[in-house]
Amino acid sequence: MSVAADALHSTARTTILSWGWRRAAIACGAGALSALAMAPFNAWPVLFLTFSVLVWLIDGAGHGRRGIITAAIAGWWFGFGYFVAGLYWIGNAFLVDPETFAPLMPLAVIGLPALLALFIAFGCALARLIWTTDWSRVLALALALTASEWLRGHILSGFPWNLFGYALAEPLAMAQIASVIGIWGMTFATIAVFASPAILIDDRNRTQRPWLPLALSLALLAANAAYGALRLDRNPTEFVDGVKLRLMQPNLQQDMKFNYAAKDAVVAKYLTLSDRATGPQTSGVRDATILIWPESAFPFFLTREPAELVKIAEFLPSHTTLLAGAVRAPDLSPAVRPTRAYNSIYAINHDGDILSVYDKLHLVPFGEYLPFQTMLEKLGFQQLTKMQGGFIAGSRRSLMTIPGAPPMLPLICYEVAFSGQIVPDGARPGWIVNLTNDGWFGISTGPYQHLQQARLRAIEEGLPIVRNANTGISAVIDPLGRDVGHLALGQEAVLDSALPTALPPTIFSRWQHAPLAIMIVIAALVVFVRRQRS
């Protein structure tokens, strides 16, 4: 037996026979290491080790009710390590106003991962329930964890951040399969493929060809890369005639962004930066047909500050439309002080007319509203935005019409994370605009993960995405996920770009989760048959 094989068997034996705190440490360490597969590291080969460890932990969990509980505990520790390492950056938001929120920071950095880890615990318990004794236990794990990840993305409004399938988002050729099976299908494939080395330890009485699952997995990865490379080669980036975008990334600090006293300085900075020449061949905002500002751009209600709106209107050339994020007051008398608001996107022309408005549907829990809002407010809690009563959710997903451009689908912040839920029924948009304020999370891995999710939505739907973030990363992404242009995290700058054209509807955009359902049914049948034979 080779040195590598000896090491593999030794690692597997140690993991399977571990107990107590050693078992918890192994699971937690493997979970934390798995976070390296996400952006910005994209070190997905690490999952060959960490998912194999998870298989061996479930192998060693035992049988019956005790085995299910033991598998769930191992899964919880794996999930806890994964989410602490992958979501640590959420704690930065609690340091924007440290006097108010710093004491609650442990709830974000430790409490949220502990809660999210319950989904991985459920997945591992379910896997142990349907576990087999041969190679098909890898499919059992993929089935169970895909189900638990699906629940994580939907229960209590959902939090589908860093789904395991995002490991296949880089290199770009690997990500093209999202146009067929979506991120949930990629999650199933990721778990099944990267857990396959666990079978190498099986003796031939258990699995006749223990090398075959890994060989098939490697072949599947190669075939996927070849498909993606061919798709990229056959679909060069093309652009919409006559549309010239200008993205303004102000890199505005949060204490200024929400300070009403700084309103004049904020607007002045936006106007100055938006008109900045980016080279000898540019003449500022006059080159743009669409100017785009980030989420919650103003420290005031835009339509209740006519002087500021006039400044903006006078600044805009006659052929330029502004898309800007803004907090929108409900339709009340001007004499009534709003206590709640919408998180919105305005389309404004050079006359100061509001051409259309979109109100955010999918609000961020603890950021824009509190679960059990009234009760928690009475206990002294408030969400990070300090909006009493929480933000108001919009009523429907709808397209916005911009003069001279294809119909546009607006998304605000992490609405872009919800695969299969972003495009409304009916008319297909020609592009997506995603405005966000990643300034909450500082210079961390969070904005890179957010950008990665936006890129996957472009590939799934075959639609270009224009992403404008206050502190970055702003980008123009074509419908195959290619970077047409971007502004770096923490950069104050403008980006000029043409608008990529959309592709015809993808398999995923037409059939949604039907390919995933086929994969799940086939895998479930295989697991059922193998269990019956064991």
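Guide: One term to begin with: a residue counts as buried when its relative accessible area is under 20%. Keep in mind that this is a predicted model.

Visitor: Okay, is Cys124 buried or exposed?
Guide: Cys124 has 0% relative accessibility, so it counts as buried.

Visitor: And Cys413, buried or exposed?
Guide: Cys413 counts as buried because its relative accessibility is 13%, and the cut-off is under 20%.

Visitor: New topic. At what angle do H3 and H9 cross?
Guide: Roughly 80°, with the axes of H3 (residues 46–59) and H9 (residues 178–194) coming within 8 Å. That angle makes H3 roughly perpendicular to H9.

Visitor: Which residues meet there, in H3 and H9?
Guide: From H3, Leu47, Phe48, Phe51 and Ser52; from H9, Thr190, Ile191, Val193 and Phe194. By class, that contact has six nonpolar residues, two polar and no charged ones.

Visitor: What about the largest nonpolar core, which residues touch the most other members?
Guide: That core has 111 residues, and those touching the most other members are Leu141, Phe194, Leu245, Ile290, Leu323, Trp431 and Val466. H9 gives the most to this core, with 11 residues.

Visitor: What does Trp431 touch?
Guide: Leaving out residues up to four places away in sequence, its contacts include Leu245, Ile290, Leu323, Met408 and Val466.

Technical notes
Residues are numbered from 1 along each chain as its sequence is written. This is a predicted model: local features need pLDDT of at least 70, side-chain atom pairs count only at pLDDT 80 or more; totals for chains, interfaces and linings use all residues. Side-chain values use heavy atoms; hydrogens and water are left out. Axes are lines fitted to C-alpha atoms, for helices over the stretch in contact, and angles run from 0 to 180 degrees between N-to-C directions. Helices (H or I, at least four residues) and strands (E, at least two) are DSSP runs, numbered from the N terminus. Angles under 35 degrees count as roughly parallel, over 145 as roughly antiparallel, 65 to 115 as roughly perpendicular and the rest as oblique. Contact means heavy atoms within 4.5 Å. Ala, Val, Leu, Ile, Met, Phe, Trp, Tyr, Cys and Pro count as nonpolar, Asp, Glu, Lys and Arg as charged, and the others, Gly among them, as polar. A nonpolar core is a set of buried Ala, Val, Leu, Ile, Met, Phe, Trp, Tyr and Cys residues joined through side-chain atoms within 4.5 Å. Buried means under 20% relative accessible area, exposed over 50%, partly exposed in between (1.4 Å probe, protein chains only).
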